[in-house]
Structure formats: C-alpha cells, structure tokens
Amino acid sequence: SIYSLAEDGTMHKVVGEFALDKSTNCGDFIEVGDGNGTEYIVQKSRCQYKYAGGKRFIMVRKILEVKEVKRLMVEKEVQELFEREMKIDEDGGGVPVATSDSGSAGGGSESILE
C-alpha cells in the first residue's frame, strides 16, 4: 500500500491511479480489481484544471477520496449502536432493569439485569 501525508499530519492510503469516467462523483461505487476486487464508494471529489487557449479551462486531474463499502457498513452499525446507547442514557438512564415479585410473604422483589 502507498500512503500519502496530508497537511494535518494524517496518513491516507493511495489506492492507485485509474482511468475512470470524468463524471464519477460523490456517492458513486467503484470496483477495483478483477471482478472480485474491492468495492469503494466515493466520499469526496476534487478536480484540477489548467487554463487552455485563452477562453477555457480543461480538467487535467480528478482526485477521489473513497472508503471501502465494508468499512462504511461497519461504521454505520457502530454509529447506530452509539445513538441507541445515548438514547437509553437520555431516557432515564443506565442499564434497563426488570423486576419481578418472588411470591414471598414479605413482598420482596428481585432485580434482573439484562
């Protein structure tokens, strides 16, 4: 794998340089490899242009920032779990507790933690 260093110090994996359709944009799916390759989804796209002739600009490079589809699915599941936990904490908090009457004469109850 090739990594590039961003201005903020983070490392980004460079998948490669490919001849894609110039209309490839955010939300598009890209498969890299022979039919069984890794599938990516475009998160962000940037274009670089050069001034040509005196009347127009020509796109010379398009940079796509992508994420693997599998990783996006995992991130989505983690986000949903996190939001669910936050909702439980906001609604009265903490761990759900179920109580049941043990049937004793003293009227005691047991707590069952889930």
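Let's start with Val69, which counts as buried because its relative accessibility is 18%, buried meaning under 20% relative accessible area, exposed over 50% and partly exposed anything in between, with a 1.4 Å probe and protein chains only. You'll find Val69 in helix H1. Its C-alpha atom is 6.0 Å from that of Glu39, although Val69 and Glu39 are 30 residues apart along the chain. Buried residues make up 6% of the 114 residues of the chain.

A word on what you're looking at: this is a predicted model, in which local features need pLDDT of at least 70 and side-chain atom pairs count only at pLDDT 80 or more, while totals for chains, interfaces and linings use all residues. Residues are numbered from 1 along each chain as its sequence is written, and side-chain values use heavy atoms, with hydrogens and water left out.

Now for the layout. The chain has 1 helix and 7 strands, taken as DSSP runs (H or I of at least four residues for helices, E of at least two for strands) and numbered from the N terminus. Read from the N terminus, the order is β-β-β-β-β-α-β-β. Helix H1 covers residues 69-90.

Next, the strands. S3 (residues 29-32) pairs with S4 in the antiparallel sense, over 4 bridges; two strands count as paired if DSSP finds at least two bridges between them. Within this pairing, Glu31 has Glu39 in S4 as its bridge partner. That is the Glu39 whose C-alpha atom lies 6.0 Å from that of Val69. S4 and S5 also run antiparallel, joined by 12 bridges. These two strands make a hairpin with 3 residues between them, and Gly53 in the turn has a positive phi of about 80°. Tyr51 stands opposite Phe57 in S5, while Lys44 has Glu65 in S5 as its bridge partner.

Side chains of opposite charge can pair when their charged atoms come close. The structure has 3 salt bridges, each one a side-chain nitrogen of Lys or Arg within 4 Å of a carboxyl oxygen of Asp or Glu. In one of them, Glu65 meets Arg46, with the closest N and O atoms 3.3 Å apart. This pair ties together distant parts of the chain: Glu65 sits in S5 (residues 56-68) and Arg46 in S4 (residues 38-52), 19 residues apart. Glu65 is partly exposed because its relative accessible area is 33%, and Arg46 is partly exposed too, at 41%.

Elsewhere, Lys67, Arg71 and Glu75 are linked in a network of salt bridges. Lys67 bonds with Glu75 through a salt bridge whose closest N and O atoms are 3.1 Å apart. Glu75 also meets Arg71, this time at 2.8 Å from N to O. Both Glu75 and Arg71 belong to helix H1, and they are 4 residues apart, about one turn of the helix.

Patches are built from residues with over 30% relative accessible area and no salt bridge, joining like charges within 9 Å and nonpolar side chains (Val, Leu, Ile, Met, Phe, Trp, Tyr) within 5 Å. Glu85, Asp89, Glu90 and Asp91 make a negative one; Asp and Glu count as negative, Lys and Arg as positive, and His and the chain ends are not counted. Each charge is placed at NZ of Lys, CZ of Arg, CG of Asp or CD of Glu. Glu85 belongs to helix H1 and is partly exposed because its relative accessible area is 48%.

The nonpolar patch on the surface is made by Val15, Phe18 and Leu20, which together have about 250 Å² of accessible area, computed by the Shrake-Rupley method with a 1.4 Å probe, where only the protein chains shown count as cover for residues. Val15 sits in the loop between strand S2 (11-14) and S3. With a relative accessibility of 35%, Val15 counts as partly exposed, whereas Val69, where we began, counts as buried at 18%.
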